[in-house]
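Dear colleague,

I am handing over the structure below, together with my notes on what was found in it. Please read the notes with the coordinates open.

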Amino acid sequence: MIPYFYFFMGLPCLLVVANLLLLNFGRKLQFAINTLVLLAAMALTSVMFYSESSGIFLNVFSVGPFSLFFATILSLGILLVDVLGYENNLRYSDFLLLSSVVLLGAYLVVFANTLVSIFIGLEIVSLPTVF
């Protein structure tokens, strides 16, 4: 069985790659893909609430019910921000790319078990402020 951590780290990476590939396409396609991926993440999170905690990478990251709860809150927040950005932003493709990078870093912080992994997650969250 694949650990849940791979799933949660794979979704934001998939969003980043999809947004890079769809940079020149329409806003509607990007919005639809992002919405579907985030809704899939929230649906699978609700199924995983009843599982046991599992650690990965020498227990540097762990997935448990409490971290899944915060991952659901983060996914809902990014989905809400993407919907608001779709209505108000002319450079929506850049906005989606940066919000996907923020989601990746926030997931790292939520699933972190050590101080170093929290620091790496916070650095990834602050990466879009450079642009």
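Gly105 touches Gly121, Ile124 and Val125, not counting residues up to four places away in sequence, where contact means heavy atoms within 4.5 Å. Gly105 has its place in helix α4, and with a relative accessible area of 0% it is buried (buried is under 20% relative accessible area, exposed is over 50% and partly exposed lies in between, with a 1.4 Å probe and protein chains only). The C-alpha atoms of Gly105 and Gly121 are separated by 4.4 Å, although the two residues are 16 residues apart along the chain.

Before going further, please note that this is a predicted model, in which local features need pLDDT of at least 70 and side-chain atom pairs count only at pLDDT 80 or more, whereas totals for chains, interfaces and linings use all residues. Residues are numbered from 1 along each chain as its sequence is written, and side-chain values use heavy atoms, with hydrogens and water left out.

The protein chain has five helices and two strands, which run α-α-β-β-α-α-α from the N terminus on; helices (H or I, at least four residues) and strands (E, at least two) are DSSP runs, numbered from the N terminus. Of the 131 residues in the protein chain, buried residues make up 40%. Among the contacts in the protein chain with a separation of 6 or more, 68% are between residues 24 or more positions apart.

How do α4 and α5 meet? The axes of α4 and helix α5 (residues 115–126) come within 7 Å and cross at roughly 165°, the axes being lines fitted to C-alpha atoms, for helices over the stretch in contact, with angles that run from 0 to 180 degrees between N-to-C directions. That angle makes α4 roughly antiparallel to α5 (angles over 145 degrees count as roughly antiparallel, under 35 as roughly parallel, 65 to 115 as roughly perpendicular and the rest as oblique). The contact is made by Val101, Val102, Gly105, Ala106, Leu108 and Val109 of α4, and by Ser117, Ile118, Gly121, Leu122, Ile124 and Val125 of α5. By class, the contact of α4 with α5 has nine nonpolar, three polar and no charged residues, where Ala, Val, Leu, Ile, Met, Phe, Trp, Tyr, Cys and Pro count as nonpolar, Asp, Glu, Lys and Arg as charged, and the others, Gly among them, as polar.

Ala106, which is in helix α4, counts as buried at 13% relative accessibility, and touches Leu74 and Val125, not counting residues up to four places away in sequence. Ala106 and Val125 are 19 residues apart in sequence and 6.3 Å apart in space, C-alpha to C-alpha. Leu108, also found in helix α4, is buried with a relative accessible area of 11%, and its C-alpha atom is separated by 4.9 Å from that of Gly121, 13 residues apart along the chain.

Helix α4 also packs with α3, at an angle of about 170° and with their axes 10 Å apart, and the two are therefore roughly antiparallel to each other. On the α3 side the contact includes Ser67, Phe70, Leu74 and Ser75, and on the α4 side it includes Phe95, Leu103, Ala106 and Val110. By class, the contact of α3 with α4 has 13 nonpolar, four polar and one charged residues. Ser67 of helix α3 counts as buried at 9% relative accessibility, and touches Ser62, Val110 and Phe111, not counting residues up to four places away in sequence.

Which residues touch the most other members of the largest nonpolar core? Of its 15 residues, these are Leu15, Leu38, Leu103, Tyr107 and Phe111, a nonpolar core being a set of buried Ala, Val, Leu, Ile, Met, Phe, Trp, Tyr and Cys residues joined through side-chain atoms within 4.5 Å. The elements that give two or more residues to this core are α1 (4–21), α2 (27–48), β2 (61–63), α3 (65–88) and α4 (92–110), and the largest share, four residues, comes from α3. Leu38 touches Leu15, Ser75, Ile78, Leu79, Asp82 and Leu103, not counting residues up to four places away in sequence.

With best regards
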